[in-house]
Amino acid sequence: MSAAPRPIVGPLLRLAAPNWIVMVTLAAVSMIDIFFVGKLGLDALAGVSITFPMMMLTQTMAAGGMGGGIAAAVARAHGAGNRAAVDRAAGQAVIVAVAMAALFIAVFVGLGRALYAAIGAAGPELEAALAYSDVLFYGAVIMWAFHSLSAVVRGTGNMTFPAILLILTQLIHVGLCPALVFGVGPVPALGVRGAALSAVLSFAPGVIALTAYLVSGKRAARLAVRHLRPDGATLWEILRVGVPGSANNVLTNANIVILTGLVAGHGTEAFTGFGIASRIEYIQSPLAFGLGAAILTMVGNEIGAGDHRRARRVTWIGAALTAALSGVIGMIGFAVPAWFVHQFSTDAQVTAYGVQYLRIVAPAYVCFGLGLGLWFAAQGAGRVKWPLIGSVVRVAMSSLGGWLVIHVAGAGLGGLFGLVAASFAAFGLVIAAATWAGKVV
């Protein structure tokens with residue numbers, strides 16, 4: 001008599017629970033910068049809105065792109081019972097964090113003015129964007145270190161400790177941000193620079209705590225000096241998942257940038273409304289990550305242990321849950337779009353554009369969630385080719401197709417937003433078809 005299948009939903013939800021608490025916190029706090037900066041005026045709000053995709057690129061790439069590669073490498077080694085490989089991955093995670101931070105400084109500080117101007121920022125909007133961006137990316141190594149070390153811990157199956165630390169960092173940000181933006185006591189008012197400085201400094205205590213946790217040697221992973229030298233085999237295990245995952249993050253954020261540029265031709269109110277409304281996608285990405293980190297870890301452990309059948313069951317159950325989560329967010333965005341926009345601006349034209357976007361695009365978020373869930377499973381399995389293809393299809397449809405809709409067909413913003421909705425559907429369905437065919441897990 002064969003043994004009953006081991007449960008999946010219960011363990012998956014238990015692993016996801018700490019992440020969900022964190023991601024709900026992040027979803028709320030992700031808006032803190034723009035909430036306070038919005039009180040500085042429309043130019044400051046528009047400038048920081050333009051930089052928001054770059055900030056989220058840092059967060060998503062560090063946590064879910066390269067961070068996913070780190071967590072997947074650790075999870076597979078942990079599932080196979082290879083402690084030495086786990087420890088090597090911890091050391092290589094530090095190397096990845098430093099290298100990626102340096103790359104972000106070179107790109108977003110060195111090329112920031114040209115990049116934001118190409119998007120459509122000019123005058124006071126451009127100066128606000130640069131003031132925020134320069135501070136944020138000069139301090140990016142702190143954010144990269146936090147997310148990379150957190151990925152190591154998550155890969156061992158411990159979701160709780162990184163979750164607690166992330167909540168604490170965000171609570172620090174909530175208190176520190178208004179003090180640095182508006183000034184308090186001897187602290188001068190730094191304006192938009194203060195918001196960026198708060199976003200960076202709030203992660204520093206978390207980096208210290210994670211380092212102490214991993215250096216202790218009493219955990220499932222240990223961070224040791226001898227592993228801080230480049231190790232080709234271990235780096236490859238991280239990068240073969242982390243690079244495609246990061247490419248997906250780049251595509252997602254480049255897509256938002258391109259769309260912002262297309263919308264910018266309709267005026268400041270249009271791209272501000274679009275920038276606010278599209279942030280609901282950045283809200284659901286962290287929420288999906290809460291479950292996705294659990295999917296990645298469980299799939300990676302099962303692959304490491306050689307149980308591919310159970311890995312596929314985890315994949316489909318996890319993806320169904322992320323699709324349901326994103327679908328609920330989409331329903332809310334569709335039902336009360338003006339309420340969401342009004343949290344950041346009550347300008348009538350800004351609201352009109354934001355409402356138009358959510359009414360057209362939000363129903364397709366269920367497919368976005370499906371694709372995200374399968375992406376995390378693919379990272380755990382180390383097979384991310386088809387999920388990346390799905391991302392390329394989405395970006396090609398919405399950005400390149402959007403350019404044709406606006407500049408060739410002259411369909412206006414309604415046509416552009418409709419194409420964005422179709423691209424979300426294609427993203428989820430392409431990855432689901434490949435997974436069903438056995439090409440992902």
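Reader: Which helix gives the largest share of the lining of the second largest pocket, and how many residues is that?
Author: The largest share comes from H4, which supplies five residues of that lining. A pocket here is an open set of points on a 1 Å grid over the protein atoms alone, with protein on both sides within 12 Å along at least five of seven lines, and lining residues have an atom within 4 Å of a point. This is a predicted model in which local features need pLDDT of at least 70 and side-chain atom pairs pLDDT 80 or more, while totals for chains, interfaces and linings use all residues. Residues are numbered from 1 along each chain as its sequence is written, and side-chain values use heavy atoms, without hydrogens and water.

Reader: Which helices supply at least two residues each?
Author: They are H3 (42-79), H4 (83-108) and H11 (232-264), helices being DSSP runs (H or I) of at least four residues, numbered from the N terminus.

Reader: And which residues are closest to the pocket's centre?
Author: Of the 14 lining residues, Leu57, Val107, Phe108, Leu115 and Val250 are the closest to the centre, and the pocket as a whole has a volume of about 240 Å³, counted as the space filled by probe spheres set on the points.

Reader: How does that lining divide by class?
Author: There are 13 nonpolar residues, one polar and no charged, where Asp, Glu, Lys and Arg count as charged, Ala, Val, Leu, Ile, Met, Phe, Trp, Tyr, Cys and Pro as nonpolar, and the others as polar.

Reader: Changing topic, at what angle do H4 and H11 cross?
Author: Their axes, fitted to C-alpha atoms over the stretch in contact, with angles from 0 to 180 degrees between N-to-C directions, come within 9 Å and cross at roughly 70°. That makes H4 roughly perpendicular to H11, a label for angles of 65 to 115 degrees.

Reader: Which residues make that contact?
Author: H4 contributes Arg88, Ala89, Gln92, Ala93 and Val96, and H11 contributes Thr234, Leu235 and Ile238, with contact meaning heavy atoms within 4.5 Å. By class they are five nonpolar, two polar and one charged.

Reader: What about H4 and H7, parallel or antiparallel?
Author: H4 and H7 (residues 140-155) pack at about 150° with their axes 8 Å apart, and they are therefore roughly antiparallel, the term for angles over 145 degrees. Ala90, Ala93, Val94, Ala97, Met100, Ala101 and Phe104 of H4 meet Ala140, Val141, Trp144, Ala145, Ser148, Leu149 and Val152 of H7, which gives 13 nonpolar residues, one polar and no charged.

Notes. 1 Å grid on protein atoms, 1.4 Å probe; cavity = no way out; pocket = protein on both sides within 12 Å on 5 of 7 lines; lining within 4 Å. Parallel < 35°, antiparallel > 145°, perpendicular 65-115°, else oblique.
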